[in-house]
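Reader: Hi! Could you walk me through this structure?
Author: Happy to, here it is.

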Amino acid sequence: MLTPARVLLVEDTPTQAEIAKAMLRDFGHEIRHAENGTDGLALALEWQPDAILVDLLLPDFSGIELMRRLKAARVNAACIVLTAHGSVNIAVEAMREGATDFLLKPYAAARLRVTLDNALEKRALRQALDTARTALGRESFGGFIGASPAMQAVYRTLESVAGSKATVFITGESGTGKEVAAETLHQASPRRGRPFIVLNCAAIPRDLLESEIFGHVKGAFTGATENRPGAARAADGGTLFLDEIGEMPLEMQAKLLRFVQSGTVTPVGGTRAEAVDLRLVCATNRDILAEVQAGRFREDLYYRLYVVPVVLPPLRARGEDVLLIARHLLQHFARDEGKRFKQFDAAAEAAIRAHPWPGNVRQLQNVLRNAVVLHEGEVITRAMLPDLLLQGAPVMPGPPPPAPAQAASATAAIEPLAISEKRLILAALEHTGQDVPRAAALLDVNPSTIYRKLTTWKKEA
Ligand SMILES: Nc1ncnc2c1ncn2[C@@H]1O[C@H](COP(=O)(O)OP(=O)(O)OP(=O)(O)O)[C@@H](O)[C@H]1O
Ligand SMILES: [Mg+2]
C-alpha cells in the first residue's frame with residue numbers, strides 16, 4: 001500500500017458506509033464520512049482529501065452532479081464512483097465528469113484496495129508532473145515558442161480557459177502573436193476538431209462586414225446572387241476569431257452585440273434567426289478601454305467581450321525568448337530557402353538580444369528571412385544583419401535620424417505625431433512603389449493599418 005491517505009466517503013446507506021469505513025480503516029487511511037452531496041462537497045473543500053468515494057445515489061443530488069461540482073470547485077482529489085449493479089452507463093458518465101475509476105457494489109476489500117491505490121498513484125504522478133512543468137516552465141506551447149515567465153503566464157491562462165466557452169480578448173502590440181494565441185486556444189479546446197474561422201474586421205470594407213460575419217440571402221443586395229452562410233455560421237461548433245475588433249464600425253458593433261446576447265444569426269436580407277454555437281475570440285492592438293472612453297467602441301459590447309483578457313507581452317519583455325525564437329526561425333527559413341545556415345555567431349546573438357523589436361516577432365521574421373535569402377554559409381554573422389539592428393535605430397526608409405548633437409536644434413522640427421506618421425507612411429509607400437504590404441512590412445505594421453489611414457486621409461482631403 002501507498003502511504004496513508006485522506007479518504008472522504010460520500011454514502012447515505014448506513015450499512016454500506018460502515019462496511020467501507022471498516023475496510024478503509026484496515027488499510028490505514030484517515031477517513032471522513034458525509035451522508036449527502038451537500039455535506040460531501042463542503043467537507044471536500046474544507047478537508048482537501050486525497051481521494052473521494054462517491055455513491056451515485058445520494059439523497060439531495062446525484063453522484064454525477066457532485067462530481068461536476070467538485071470539478072467546478074477545482075477539488076483535486078482522485079474520485080472513485082460506487083455504483084450498484086446495472087448502472088454501468090452512469091459510471092461511464094461519471095468517468096467523463098472526471099472520476100478516476102468506479103467500483104460495482106458489493107465489492108471485496110481487495111478490490112477496493114487495488115482501485116484506491118491505483119487512483120492515488122495516478123493522482124500523485126499527475127501532481128508530480130504538474131509541479132515539474134510549473135517549475136521548469138515550457139519552451140513552447142501550441143504555436144508559441146518562448147520560455148520566459150511572461151509567456152508562462154500566457155500559456156497558463158490559455159490552458160485554463162481552453163475548456164470553457166468564455167469569450168477571450170487578446171491584446172498586444174503588432175506582431176506579438178495575437179493570431180497565434182487565438183489558434184492555440186482553439187487547438188487546446190474541445191472544439192479543436194471543428195472550424196477555426198478568422199475574420200479581420202480591418203481588412204473588410206465596412207458595407208460588406210455584416211454579410212461577411214452573418215451571411216446574406218440571395219437578392220439581399222446587388223451582387224448577392226447566392227445565399228451565403230457567413231463566418232459565424234461557418235464557425236458553428238468551433239471558434240470565431242474577430243481580429244482587429246477595435247476597427248469595427250459602431251453600427252456593426254450594435255449588430256455584434258445582438259448576436260452575442262442572443263446566440264443567433266440573421267443573414268442580411270433574411271428573416272429567420274438561426275442559433276449557432278461558437279466560441280468567440282477577439283483581438284486588437286488598440287487600447288480598447290481608451291476606445292470605449294473616446295466613444296468609438298460600445299461600452300456594453302466591451303463588457304460582453306472583455307471576459308477573459310490575454311495580454312501578449314512585447315518581444316523585448318521576454319528576455320531570452322528572442323533568441324529561442326530566432327534559432328527556430330533560422331532553421332525554418334534555411335530549410336525553406338535551401339540554405340545551410342545552422343546558427344548565429346555570438347555578436348549576431350548579442351545584436352538580436354539588444355534590439356527593442358518594435359515590430360515584435362513579425363519584424364524578427366522579416367529580418368531573418370532577409371538574412372537567409374541574401375547570404376550563404378552555416379553561420380549568421382553580425383554583418384549579415386541589417387544596419388538598423390546594429391545601431392538600435394527603428395526600421396525606417398528615408399533619411400537617417402538626427403545625431404544626438406543635433407537633438408537640441410531638432411526641437412524646432414517637432415511636429416504632431418499624426419503628421420510624422422503620415423509622412424513616414426507616405427515615404428514608405430513611395431519607397432516601395434505604392435506596395436502597401438511591403439510598406440507595411442518595412443514599418444512593422446499590419447497592411448490594414450495603412451489601408452485604414454489612406455481611407456481616412458482621402459476623407460479629410
Ligand atoms: N512566440 C512565438 N513563437 C514563434 N512564432 C511566433 C510567436 N509569436 C508570433 N509568431 C509568429 O509571428 C508572426 C506574427 O504573429 P501574429 O500574426 O499572430 O501577430 P499579431 O499580434 O496578430 O500581429 P498584428 O497585430 O500585426 O496582426 C506570425 O507568423 C506568427 O506565427
Ligand atoms: Mg494579427
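Author: One term to start with: a residue is near a molecule or strand if one of its heavy atoms lies within 4 Å of it. This is a predicted model, where local features need pLDDT of at least 70, side-chain atom pairs count only at pLDDT 80 or more, and totals for chains, interfaces and linings use all residues. Residues are numbered from 1 along each chain as its sequence is written, chains are lettered from A and ligands numbered from 1 in the order in which they are written, and side-chain values use heavy atoms, leaving out hydrogens and water.

Reader: Great. Which residues come nearest to ligand 1?
Author: There are 18 residues around ligand 1, and S174, G175, K178, R362 and Q365 come nearest.

Reader: And what is 2.7 Å from an oxygen atom of the ligand?
Author: That is an N or O atom in the side chain of K178. A backbone N or O atom of G175 is 2.8 Å from a ligand 1 oxygen, and a polar backbone atom of E179 lies 3.0 Å from an oxygen atom of the ligand. Taken alone, ligand 1 exposes 630 Å², and the protein buries 86% of that (areas by the Shrake-Rupley method with a 1.4 Å probe; for residues, only the protein chains shown count as cover).

Reader: Nice. Which domains supply at least three residues each to that shell?
Author: Domain 2 (140–311) and domain 3 (315–391) each do; the bounds come from an automatic or database domain assignment. The assignment also gives domain 1 (6–133) and domain 4 (404–460).

Reader: Switching topic: is N446 buried or exposed?
Author: N446 is buried, because its relative accessibility is 19% and buried means under 20% relative accessible area, with exposed over 50% and partly exposed in between (1.4 Å probe, protein chains only).

Reader: What does N446 touch, then?
Author: Leaving out residues up to four places away in sequence, N446 touches S174, E244 and A440, where contact means heavy atoms within 4.5 Å. The N446 and E244 side chains are joined by a polar contact of 3.5 Å (a pair of N or O atoms within 3.5 Å; within protein, one must be able to donate a hydrogen and the other to accept it, and residues adjacent in sequence count only if both atoms are side-chain atoms).
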